[in-house]
Structures are given as structure tokens and as C-alpha cells.
Amino acid sequence: MSKTGTIAKGVRAAIALGSNIGDSREILEAAIATLANTPGIVLEAKSHWYKTKAVGPPQPDYLNGCVIVRICLLPQLLLETLLAIEQKFGRVRQERWGPRTLDLDLLLYDDLIVDTPSLQIPHPRMRERAFVLVPLTEIAPDWIEPVSGCVIKDLVKQVNCSDVHLLMGS
């Protein structure tokens, strides 16, 4: 590990993306481009976009998807990078599970398990969320979620996917 918060050998990370304010598709595509142009991050795979019902207070449906990246950033620095990208796209944190221009969640970081007040890997609710598991299954079906020991393609079978719909033309 270096003093800059990077690691010499790249690792894989899975990131969930979501938006339900503004031109969500344009915002999500621009967020992926921003990620791909960030030093220490290489885009490896991108799912299709899915239209999903919102969780939380009444609000518009979301567009959701996932990406797999190869990174040379430590988990905390990756999280800080994701939060900065959210801010760049106008994310304001007012209400838990409220509407947002952009939501970036760090789902998985290789097989690492972290549980601190500021960072939890794997994402603590990813196994319950079809809007995360459906697009993640598309691009990383055999990735083992390290807490449960289950592969993603088996975890998606344990959730109700009826509110997750492939966005045509994505």
C-alpha cells in the first residue's frame, strides 16, 4: 500500500448506480464516463439499465444498473471518489432513501469484508435488493458475496424481481 491510498495490484469492485431525478439515463452514462476517466479506475463491464420501483417515500421510478471496475484505490478512497462524483452530479442528501440525481453504492471489493461506521463492504442491503442483484447478475453472476458465501446468480433467486424491468434500448 502506498501513502497515496492506492494499491499496486488492481482489484475488482462492483458499483451500483441509480437515478430518479433529471435525465436519469444521461446522468448515469455521464457518471460511468466520469468513473472511467478517474485515475486508478478502469471500467471492465456495464449492465443494461433497469427501470425499478423506488424504495422509501413516494417518488418517481429509478433507473438502475451496475458496473464492474478494476481499481488501484483502497476501499475508503474509492468510497470518497464515489461520493465526490455524486456531488458533481448534484446529489443532495436530505432524506434517507429519498429521490436523487445520482446514487453510487460500493457493493463489492474483491472478497473483502469491512464493517466500520463509515464503510461497509459488501453493501449491507445488497442481498435484499432486486434492483441491485438483477443488473449485477448480468455482469458478475459467479462473483461470490463474501458474507453469505453465495454467488450473485443464486442470491437474485431469493428476491422478488417483479418490479425490475429491462429498459429497452439500453
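A residue counts as buried under 20% relative accessible area, exposed over 50%, and partly exposed in between. Asp110 comes out at 29% relative accessibility, so it lands in the partly exposed group. Keep in mind that this is a predicted model.

- In soluble globular proteins, nonpolar side chains tend to be buried together.
- Here, the largest nonpolar core has 28 residues, and the members that touch the most others are Leu17, Ile71, Leu78 and Leu102.
- Two or more residues of this core come from each of β1 (6–19), α1 (24–36), β4 (62–73), α2 (75–88) and β5 (103–109).
- Another core of 22 residues lies apart from it, and Leu108, Phe131, Leu155 and Val164 are among its members.

**Helix α2, inside and out**
- With 14 residues, α2 spans 20 Å from its first C-alpha to its last, close to the 20 Å expected at 1.5 Å a residue.
- Which residues of α2 are buried? They are Pro75, Leu78, Leu79, Thr81, Leu82, Ile85 and Glu86.
- Look down the axis of α2 and these buried residues fall within an arc of 160°, so they line one face of the helix.
- Turned away from that buried side is a face with the exposed residues Gln87 and Lys88.
- After α2 comes Gly90, with a positive phi near 85°.

- Most residues other than glycine have a negative phi, and most peptide bonds are trans.
- Asp110 isn't a glycine, yet its phi is positive, near 50°. You'll find Asp110 in the loop between β5 and β6 (114–115).
- The peptide bond joining Ile121 and Pro122 is cis, with omega at about -5°. Pro122 sits in the loop between β7 (120–121) and α3 (130–139).

**A closer look at Ser24**
- Ser24 belongs to helix α1.
- Is Ser24 buried or exposed? Its relative accessible area is 10%, so Ser24 is buried.
- Leaving out residues up to four places away in sequence, Ser24 touches Ser19 and Leu63.
- With Ser19 there's also a polar contact: the side chains of Ser24 and Ser19 meet at 2.9 Å.

Notes. Residues are numbered from 1 along each chain as its sequence is written. This is a predicted model: local features need pLDDT of at least 70, side-chain atom pairs count only at pLDDT 80 or more; totals for chains, interfaces and linings use all residues. Side-chain values use heavy atoms; hydrogens and water are left out. A nonpolar core is a set of buried Ala, Val, Leu, Ile, Met, Phe, Trp, Tyr and Cys residues joined through side-chain atoms within 4.5 Å. Buried means under 20% relative accessible area, exposed over 50%, partly exposed in between (1.4 Å probe, protein chains only). Helices (H or I, at least four residues) and strands (E, at least two) are DSSP runs, numbered from the N terminus. The expected span of a helix is 1.5 Å times one less than its number of residues. The arc is that of the directions from the helix axis to the C-beta atoms. A polar contact is a pair of N or O atoms within 3.5 Å; within protein, one must be able to donate a hydrogen and the other to accept it, and residues adjacent in sequence count only if both atoms are side-chain atoms. Contact means heavy atoms within 4.5 Å.
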